[in-house]
Amino acid sequence: MMPLLSVRGLKVSIRTDEGIAQVLDDVGLELERGRILGVVGESGCGKSTLIRAIMGILPKGARVEKGEIWFEGENLLVFSEDELNRDVRSSRVGFIPQDPLLALNPVFKVGSQLLEVMRWHAPDDGSRGGERRKRHVGRLVGLLRRMQVPDPETALERYPHQFSGGQRQRLLIAAALACAPRLVIADEPTTALDVTTQHQILLLLRELVGEFGISLLFVTHDFGVVAELCDDLCVIYAGQTVEAGAVLPILDAPAHPYTRALLACHPDRATSFTGIPGSVPSPLKPPPGCRFAPRCADVRAVCSAGQPPQGRSATGAEVRCVQYA
Amino acid sequence: MKPILRKLTRDLPAMLGLGIVLVVLLIAILGPLLAPYPGDAAASHLARRLKPPSADFFFGTDNLGRDIFSRVILGARGALAIALTVVSVAMLIGVPLGLIAGFRSGWLSETIMRVTDVVLAIPQLVLALALAQLMSPSLESAMLALSLTYWPFFTRIVYAETRRLSSSLFVDALRGVGAGPGRIVFLHILPNALSPVIVRATIGLGFTILVAAVLGFLGMGATPPAPDWGLTIAESRTYLPRAWWYATFPGLAILITVMGFNLLGDGLRDLVDPRIRRSR
Amino acid sequence: MNAPAILRLHEVSVQLGGSKGFLRKTVPPVQAVRKVSLELQEGEILSLVGESGCGKTTLGRTILGLQRESAGEILLDGRPVGGLSPEAARRARKVIQYVHQDAGAALDPWWSIGRTLEEGLKIHGVGDLDERRERVAAMLSAVGLEPAWGRRYPHEFSGGQLRRVALARILLLQPRIVVLDEPTSGLDMSVQATVLNLLLDLRERFSLTYLFISHDLSVVERLSDRVAIMYLGRIVETGPAKAVFAAPTHPYTRTLLAAAPRLRGRRVTEHVAVRGDPPSATSVAPGCAFADRCPIAEAACSTEVPQLASITAGHEVACLRASVEQTASFRARRRA
């Protein structure tokens, strides 16, 4: 069965004041239907750029140099801005941003903002005008009830600041699902939330995946969340996918030296706190050969010579390392 | 510093503004050296009165035969002098008041801000006219009036910045380390609050030149035979529209100078705001 | 208790906000901290754990002195240092220093970090310019930064480096107690590890005592000697970290520990039995603050405020229904 979303060999560069930054260099991922894929990486690895590339909202100086983004059999990179707006955004690909407070306009009622999304992107069911609006409101109220937002009928009449952080995030999840998309991209949606609230949201997302038949692309830096929520995992380092596969086998037996080193830093696993020596290479001057070589514990001479080949680990994960080729 | 300057150079209107300001500054400083007829500040040559622009007299001559080109150049000095004096005095009054009002809330702060509100409500020109009646119309009374009505703008800005900065995290950290209020206000809050003040001061320079010109036009500022731009336009009224050059060139001087300051001020504002408000 | 506590809080309460008077709307104050008593032993790491609105940040600032307590006693080395204005408190409690969560925002953007570091010394009377420069250079090295970087400005540093700068700044003042507000939040995992390593190293080197304020339970469990769980301004459970994490007794602690995402490969399918969102401190019902969300609350819980009581050595819980049986049953469930 063809994966719902498949990113292949994506290369994105961004023009900065200091030169051309190779932010993404051969990134790939696959999201199967009905599954949750966690995209994990530290700051500067390019995961935000990856998300923006999928949604078609790359910043002005960015250029997609190579690669394809296959979504339901179509390459999103060849879509025009208009086509993306009409056919893809919100209606087929929903988005849950990181900070709900920043994503909502404080001077408009929540209802008008959510209805606006539906007005532009909801699939045409033949109804018009007031009838259409009533259907949208009905759908929204139903969604809000499912999200356990208290008093869903009156919720639409309130302003963003009248909700708590967790409730706002639920509102945004409802907005993302409003037009029944097949794919939902969540960009660290629980980082700003309390522990218990985060747990409730993660549980909700898990349930929604099953109930609504959506696939979820979940960007995070928290391995704990990945361990609890995601089915599959994709680790990104310096603009490249270094390891990808089912989540629990990777967590139990990480193959790529970076994944191993990163997991060894987690307080739940660390025997001592040494971190990873060295620092992330600057995208302005990527090193020749394997990007992790300067910091790798298993480095060999061949690693700096050229790009490492893709291989498979014992658990079946795809690994970009010469040890598994 | 360097990245800021680099960013400024990319802002064309701002660079244009900077260019204009520098040229006007240069003209003001070198005035008598640049003017072809420096004596025309005071002298009169009735034989060549009201001559149109020519090779000898680029901007023509006025009703007393004086070279308008030279008088425009000489007038730059007066214009800038008024502007700099007024804005400096307004800053000297307004900035400390804003710091005091913003740092600690209480009756003093409230009083200062209410007085500021009242003075802001007074139109500059009206006050200037009133003062000119009380004292005799002169450059000094104009400058006094303008300073007395301009300081509240600075107080407002500094008040807002001081309040914002007082509750900022780094001021909190300073208190944690044991810094006293004096150190906090003068060494930390003031430098941080200065950026919007500089923007306002730059635009204020242009604005003051304009208002001073209006006062001159109304006869409430500079007195003849000073080569004041506004005064020249006033004198030209009776000879329009025939002697069109009489009012046009001083008017253009005002226009270009004020525009220069405004463009520069806008450019500075664009620089200052994103840099400070930029979140990590 | 063998060693005397370096810091002791006795029934400290803190009221926040509240404005009255003419020309201003009357807003009632909020009880951010309610009758908190705790002890900090020299050399230990005590973590204050809780969610937003629990009062842990306010308590941290109160200990520091920037927030004035409305009731209760604060004793430093046995001497009372409470009831002072923020400026006087900072002078009296000079040995307590604070590291902000957002280390970068805690630095004046127009000052080079070297100058900022020197300023602390200047304020505390280290007069000689050369001596200040020397000490700053030495401290920058001690926290793992190049001394030459003193000339740089805050925006030129990364998050992890800024944390080091913040540490250097307060260490120059020779504190004995350091309050760290969310020391690892916003940091990448690898950077977090180096920062934690640095903290442990500095504790050894400078004989420090740490008060962590954190909601990252993985870090808290690994690093702390003791923990105190806070809810709506009260400490609901406290004790040695090992004991509290192995046998959490208070229903809120259990909820919190169960909800925290850990790297244990456990899937998020179990409902953690608590309703609603973390509360705000503006309106609190009488009795136990957790009663309205507690899965095992009974009638008495809404009228009586539970006090901290010992269940085993050093492990205290404020819950009317806490009992040794409950602890035992939880242990049994975990082993299964």
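Here is a short briefing, sorted by topic.

What you're looking at is a predicted model, so let's begin with its scores. The model comes with an ipTM of 0.82 and a pTM of 0.83.

**How confident is the prediction?**

- Chain B has an average pLDDT of 85, and 95% of its residues reach at least 70.
- Chain C also averages 85, with 88% of its residues scoring at least 70.
- One stretch to watch is residues 276-280 of chain B, where pLDDT stays under 50. The model has 2 contacts beyond four places in sequence for that stretch.

**Two helices packing in chain B**

- Helix 2 (residues 12-34) of chain B packs against helix 3 (residues 68-103) of chain B at about 130 degrees, and their axes are 7 Å apart. Because of that angle, helix 2 of chain B counts as oblique to helix 3 of chain B.
- The crossing of helix 2 of chain B past helix 3 of chain B is left-handed.
- On the helix 2 side of chain B, the residues that meet helix 3 are Val24(B), Leu25(B), Ile27(B), Ala28(B), Gly31(B) and Leu34(B). Their partners in helix 3 of chain B are Ile73(B), Leu74(B), Ala76(B), Arg77(B) and Leu80(B).
- Sorted by class, this contact between helix 2 and helix 3 of chain B has 9 nonpolar residues, 1 polar and 1 charged.

**Where chain C touches chain B**

- Here, 20 residues of chain C are in contact with 13 residues of chain B.
- On the chain C side, the elements giving two or more residues are helix 2 (86-92), strand 6 (96-99) and helix 3 (113-123) of chain C.
- Helix 2 of chain C supplies the largest share of that side, with 3 residues.
- By class, the side of chain C that touches chain B has 10 nonpolar, 5 polar and 5 charged residues.

**A closer look at Leu165(B)**

- You'll find Leu165(B) in helix 6 (residues 139-166) of chain B.
- Is Leu165(B) buried or exposed? Leu165(B) counts as buried, because it has 20 C-beta neighbours inside 10 Å.
- Setting aside neighbours within four places in sequence, Leu165(B) is in contact with Val171(B), Ile189(B), Asn192(B) and Ala193(B).
- Thr202(B) sits 37 residues from Leu165(B) along the chain, and their C-alpha atoms are separated by 23 Å.

Definitions and conventions. Residues numbered from 1 in each chain as written. Chains lettered and ligands numbered in written order. Predicted model: local features only at pLDDT ≥ 70, side-chain atom pairs only at ≥ 80, totals over all residues. Axes fitted to C-alpha atoms, helices over the stretch in contact; angles between N-to-C directions. Helix = DSSP H or I, 4+ residues; strand = E, 2+ residues; numbered from the N terminus. Parallel < 35°, antiparallel > 145°, perpendicular 65-115°, else oblique. Left-handed = near helix turned anticlockwise from the far one by under 90°. Contact = placed C-beta atoms within 7 Å. Nonpolar A, V, L, I, M, F, W, Y, C, P; charged D, E, K, R; others polar. pLDDT = per-residue confidence, 0-100. Buried ≥ 20, exposed ≤ 12 C-beta atoms within 10 Å, placed from the backbone.
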